[in-house]
Amino acid sequence: PTSAQASVVPHSGRFCYTLDNNLLTTEQRQFYEDNGYLLIKNLVSDEDIERFRREFMRICKREVKPPGVMIMKDESLRSQFGQSEKVVNKVQDFQEDEELFRYCTLPEVLKYVECFTGPNIMAMHTMLINKLPDSDKQTFLHPMHQDLHYFPFRPASRIVCAWTAMERAHQDNGCLIVQPGTHKTTLKPHGYPEWEGKTNKLFHGLLDEDEKIPKVHLVMEKGDTVFFHPLLIHGSGINRTSGFRKSISCHFASSECHYIDVKNTTQEHLEKELQEMVGKKYNATSVELKDIWNFRARLVQGERINL
């Protein structure tokens with residue numbers, strides 16, 4: 001079910017957000033052009049998803065400790081559940097974990113990525129999200145936001161996220177929510193929402209959200225994959241079930257993209273927050289946002305040019 005209908009309005013002129021290829025139909029390209037996302041059904045196999053799930057469980061139990069990985073937890077649950085999937089909300093920056101990073105190299109995913117980035121592809125940002133059941137103490141609702149807020153590289157139209165459901169995602173367990181067409185807008189100011197005691201570190205949201213823009217709930221089956229533009233306004237709802245809602249994702253960019261200086265932009269405060277986090281964790285000084293992303297970036301196809 002959706003709370004708004006996405007539009008497909010045929011119009012003449014060049015496609016801005018996809019590249020010429022033999023994979024996407026004209027209708028698919030038009031849909032992405034108009035709405036900023038494209039859902040491909042049953043793209044990733046059950047076998048691969050189960051392998052990713054097993055590796056996630058091993059990371060939760062600390063049987064493996066990939067370097068550079070950031071494990072986000074609900075600390076209020078640790079005394080009750082210890083080291084388990086019932087505590088871990090997200091495994092981020094898994095580029096050094098050979099098993100999870102396989103997701104970023106799957107041929108069936110990359111052939112679609114290439115439609116947006118071109119042949120030289122960098123995996124820039126990786127996440128396995130385990131949306132925990134929400135409680136009175138903690139919510140894993142992700143406020144509406146634009147991913148480009150986190151990225152110090154451009155152009156935006158050569159960046160795309162691949163997001164795969166690892167089990168059925170629907171409104172009750174907090175599926176993705178998108179605002180079709182918002183990829184055509186500019187990058188907006190972000191910050192922490194005013195939810196008392198319930199904000200998650202780095203879960204920034206739009207400071208001025210336009211409630212009048214229609215929203216679509218992306219109901220997805222296991223293996224379904226959505227590709228979306230980094231300016232598309234999106235978020236995820238509350239998990240009202242007693243189970244978990246897992247997904248795995250990677251932001252890809254053309255290696256021909258270039259880093260920008262975020263000083264005196266809406267992204268400057270993000271750089272400061274990340275500098276403090278990296279400084280504490282690695283005792284590093286004078287780290288710039290682009291240094292952090294340069295560390296995360298991995299070439300997955302073609303040649304490395306700028307990023």
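This note goes through the fold, the strand pairing, the salt bridges and the cysteines of a predicted model.

1. Basis. Residues are numbered from 1 along each chain as its sequence is written, and side-chain values use heavy atoms, with hydrogens and water left out. In this predicted model, local features need pLDDT of at least 70 and side-chain atom pairs count only at pLDDT 80 or more, while totals for chains, interfaces and linings use all residues.

2. Overall content. The chain has seven helices and 16 strands; both are DSSP runs numbered from the N terminus, with helices being H or I of at least four residues and strands E of at least two. Of the 307 residues, 55% are buried (under 20% relative accessible area; exposed is over 50%, partly exposed in between; 1.4 Å probe, protein chains only). Among contacts with a separation of 6 or more, 82% are between residues 24 or more positions apart (a contact is heavy atoms within 4.5 Å).

3. Strand E4. All of this strand is covered: eleven of the eleven residues of E4 (residues 121–131) are buried, so E4 is largely enclosed by the rest of the structure. Its pairing (at least two DSSP bridges between two strands) involves several partners. With strand E14 (residues 245–254), E4 pairs in the antiparallel sense over ten bridges, and lysine 131 stands opposite arginine 245 there. Strand E3 (residues 88–92) is also antiparallel to E4, over three bridges; glutamine 92 has methionine 127 of E4 as its bridge partner. Strand E16 (residues 298–301) pairs with E4 in the antiparallel sense over three bridges, with alanine 123 partnered by arginine 298.

4. Four-stranded sheet. An open sheet runs in the order E5-E13-E8-E11, with antiparallel pairing. Strands E5 (142–145) and E11 (216–217) are at the edges with a single partner strand each, so one side of each has no neighbour in the sheet. E8 (residues 176–178) and E11 run antiparallel and are joined by two bridges; isoleucine 177 is placed opposite histidine 217 of E11.

5. Helix H7. Which residues of H7 (residues 289–296) are buried? They are Leu289, Ile292, Trp293 and Arg296. Viewed down the axis, the buried residues of H7 fall within an arc of 95 degrees, so they line one face of the helix (the arc is that of the directions from the helix axis to the C-beta atoms).

6. Salt bridges. The count is 17 salt bridges, where a salt bridge is a side-chain nitrogen of Lys or Arg within 4 Å of a carboxyl oxygen of Asp or Glu. One of them joins glutamate 167 and arginine 53, at 3.5 Å from N to O. Glutamate 167 sits in the loop between strand E7 (159–165) and E8, and arginine 53 in helix H2 (residues 46–60), so this pair ties together parts 114 residues apart in sequence. Arginine 53 counts as buried, at 19% relative accessibility.

7. A pair at 2.0 Å. The side chains of arginine 298 and glutamate 96 form a salt bridge with an N to O distance of 2.0 Å. This pair links distant parts of the chain, 202 residues apart: arginine 298 is in strand E16, and glutamate 96 is in the loop between E3 and helix H4 (98–101). Arginine 298 is partly exposed at 23% relative accessible area, and glutamate 96 is partly exposed at 35%.

8. Further charged groups. Arginine 58 and glutamate 63 meet in a salt bridge at 3.9 Å, N to O. Arginine 58 is partly exposed, with a relative accessible area of 35%, whereas glutamate 63 counts as exposed at 51%. A network of salt bridges links Asp48, Arg51, Glu99 and Arg102.

9. Cysteines. How many disulfides are there? The count is zero, a disulfide being a pair of cysteine sulfur atoms within 2.5 Å. Cysteine 161 is in no disulfide, and its nearest cysteine sulfur, that of cysteine 250, is 7.6 Å away. Cysteine 161 is buried, with a relative accessible area of 1%; cysteine 60 is also buried, at 2%.
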